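These are my notebook entries on a structure that I looked up piece by piece. I record each item together with the terms needed to read it.

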Amino acid sequence: MTAIPHDDHAHHGPATGLWRWVVTTNHKDIGAMYLWFSFAMFLLGGAFAMVIRAELFQPGFSLVEPEFFNQMTTMHGLIMVFGAVMPAFVGLANYMIPLMIGAPDMALPRLNNLSFWILPFAFLILVSTLFMAGGGPNFGWTFYAPLSTTYGPPSTVFFILAMHIMGASSIMGAINIIVTIWNMRAPGMTWMKMPLFVWTWLITAFLLIMVMPVLAGLITMMLLDITAQTSFFNAAGGGSPLLFQHLFWFFGHPEVYIMILPAFGIISAIIPAFARKPLFGYASMVYATAAIAILSFFVWAHHMFTVGMPFAAQLFFMISTMIIAVPTGVKVFNWVATMIGGSMTFEVPMLFAIAFVVLFTIGGFSGLMLAIAPVDYQYHDTYFVVAHFHYVLVPGAVFSIMAGVYYWLPKWTGHMFHEGLAKVHFWMSFIGVNVAFFPQHFLGLAGMPRRIPDYPLQFANFNMISSMGAFLFGLSQLLFMFIVIKCVMGGKKAEAKPWEGAEGLEWDLPSPLPYHTFETPPKIK
Amino acid sequence: MLKRLRPFSLLAVVFTALMVASSGALAGWELNMRQGVTEISQEIYSLHMLMLYIVCIIGVLVFGVMFWAMFKYRKSKGAKPATWHENTRLEVLWTVIPLVILIGMAVPATVTLAKIYDTPDADITVKVNGYQWRWEYTYLADTPEEEVSFFSSLATPRFEIRGEAPRSEFYLLDVDNPLVIPANTPVKFLITANDVIHSWWVPDFGIKKDAVPGIINESHATVLEPGTYRGMCAELCGRDHAYMPIVVEVLEPEEFEQWLAEQRGDVAAAEQDDSVALTSAGQVRSFIQ
């Protein structure tokens, strides 16, 4: 907040010109910048994926050398996880949480500005490593030591710096979200009246502030190994490469839930809106989300079944992982029960939400299979795993973001998007994603390891099909960009509540949203 | 609705076509895990199929109910929305049933896991050492002179990779010196690495064990059928990660003894068993030279 008396806010708009975006402390501006930034990163990470799929279109060196291929897989993973999916959810949180809880803005607006504006610099540093001598990070997004320390390229220190900045941004964003939800709810907005998107983000923010410092510690240890000749992860100096993996996955497993819990919140808003029926089992949704978050701290070593753990540890991590299926199942059953007895229509946000439920569940099934330790010996580090996490991340997290964007776009812009084009986008994405990733299950079961630029001939057919699906999916995202820009520029005027069954405080506000909202708290029914 | 479903059915046609194609035993269309040639790999396969069937049944039920709801409760068909949004009995039911199913999965999984961890007394112990980017195999013995050790590197020529020559059948799956072990004999593998982490994976044995510098992992296999079995390094290990395959030749025990004796340079033993070497020339071909 500025020194200007509070009453003035309603009368002054944003600063003019580009400077507005640099100095803004407005949650809508910052939310929009997060979303645009994440979309830019989605296209960049997608372009890297296109290089990967083009190389794998057929066996042999067809396009790039293995060194560059490894940089592409690494950068694709890092950019999609830290640059596309996470900032998109933070953007949606910034934009929507104050509106959903009846708050005028985020609790810490200047921190909000800072947490966004350090991100572009982090990714500038990360992407610039591709042009450095020795190339960029080439050790996979999991950057296992000693490949990333003793054997890493010189640019690894810049990678560490970039990761530190991203982590700082995430921690600041998470603190801001927790403080906002805790303190700024309108009178009458009790805990169990909060929309599920707010609930899931509150829990996600706690996960973030718990695991991001672990990541920061891990990459600091790497930095010391590289520059100060310590031996945290160097076996020759008495360290252990396995320590790296334990720390990484203690961060990494909650991290994957950080990327999916807000998605559950979005889907829990959209399905009731288009089924015109209240969400089934609201309370159990909240408890299930909390249960998943707590369990996520006890399952990390299921990523490490092949490293050679004692039998008891193997059994513990297998069982704890399987238990996660229970709260996740509860969520899926609740969504289906919400549809039963409803009065459904299938606008674009609903199409994405339904595709999310089906395809995320398929990803959950393969996840359950991967949890079974003895069978995981055959699945581990193959394309079966690649198929699994792409099913939960692409038609899971990414589809939920797209569903949310289509759902709230009329509210943000004041215009309806082009329904026909958006349906084309949906079907192209849906077909593309399945053609790209479903055959990867077969490749993994037949024995194709992940992260290889070249493969034996028996894998040629499905790789070609997978690449074609990936190209279709990539192409359809350019259509998405066109639809969104077209909607921002103009279109049919949107009503305050463009979706008949939509519930929530945001729909009481006019479309497009005024620059300042809820300066006096709304009345909660 | 038909219009909307068309892409679904298209997808179904494509995948049915793929299924049919694969049943015709066409190479390159494998859809499923290999059963393998050890008791453990076959047990892993059964467990995999059990899991697959269970998730498929759950999927059909859940998606079936969902698509039924999508057809029945459509606004365009005049469905009026209900207002119910809770049912404690139902919610308890769909928490407990999955728990029971999970226990049903965990029991056979634990039995198999215990079997994998139960290392038998092995007559032969092979140390597997991962390097960037080749494997070193050492047959441990009581005295250093009796130890046999050699490197196993990719044999696929560079011009095949570069696409300057037609690719052979075992493109990227051929090595200069395969690992040789006897059939129907417990063999112990001690797996470690010299530089970065690798992973030694032979799908037909049901073994995938990370080769970690500074740590010695243990695994074992009793292969039921002689033959040639191929695998690849399964942990990203740098530039040539895709180019360090694993080839294991499994011989009848007596042929293996013959081979091991030859490797030890024990000429007398080799001459004595000359006849065996000739009859199995196909299998031991790469070692005669």
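**Entry 1: a loop in chain B.** I began with Trp133(B), which I found in the loop between strand S1 (124-131) and strand S2 (134-139) of chain B. Helices (H or I, at least four residues) and strands (E, at least two) are DSSP runs, numbered from the N terminus. Gln132(B) and Trp133(B) are joined by a cis peptide bond, with omega about 0°.

**Entry 2: what I am reading.** I note that this is a predicted model, in which local features need pLDDT of at least 70 and side-chain atom pairs count only at pLDDT 80 or more, while totals for chains, interfaces and linings use all residues. Residues are numbered from 1 along each chain as its sequence is written, and chains are lettered from A and ligands numbered from 1 in the order in which they are written.

**Entry 3: the loop between H4 and H5 of chain A.** I looked up Pro146(A) in the loop between helix H4 (109-128) and helix H5 (156-183) of chain A. A cis peptide bond links Ala145(A) to Pro146(A), and its omega is about 0°. Phe143(A) also lies in the loop between H4 and H5 of chain A. Phe143(A) is not a glycine, yet its phi is positive, about 30°. Most residues other than glycine have a negative phi, and most peptide bonds are trans. Is Phe143(A) buried or exposed? Phe143(A) is buried, since 25 other C-beta atoms lie within 10 Å. A residue is buried if 20 or more other C-beta atoms lie within 10 Å of its own, exposed if 12 or fewer, and partly exposed in between, with C-beta atoms placed from the backbone.

**Entry 4: Arg276(A) and helix H9.** I found Arg276(A) in the loop between helix H8 (261-275) and helix H9 (282-295) of chain A. Its phi is positive, near 55°, in a residue other than glycine. Arg276(A) counts as buried because it has 23 C-beta neighbours inside 10 Å. H9(A) has 14 residues and reaches 20 Å from its first C-alpha to its last, close to the expected 20 Å; the expected span is 1.5 Å times one less than the number of residues. The buried residues of H9(A) include Tyr282(A), Met285(A) and Ile292(A). Their cover includes helix H6 (196-227), helix H7 (241-258), H8 and helix H11 (325-339) of chain A, together with H3 of chain B.

**Entry 5: strand S4 of chain B.** From strand S4 (residues 179-182) of chain B, Leu179(B) and Ile181(B) point one way and Val180(B) and Pro182(B) the other, and all are buried. S4(B) runs parallel to strand S10 (residues 246-251) of chain B, and 4 bridges join them. Two strands pair if DSSP finds at least two bridges between them. Opposite Pro182(B), I found Leu251(B) in S10(B).

**Entry 6: where the chains meet.** How many residues does the contact take from each chain? The contact takes 80 residues from chain B and 80 residues from chain A; two residues are in contact if their C-beta atoms, placed from the backbone, lie within 7 Å. On the side of chain B that touches chain A, H3(B) gives the largest share, 15 residues. That side of chain B divides into 49 nonpolar, 16 polar and 15 charged residues. Ala, Val, Leu, Ile, Met, Phe, Trp, Tyr, Cys and Pro count as nonpolar, Asp, Glu, Lys and Arg as charged, and the others, Gly among them, as polar.
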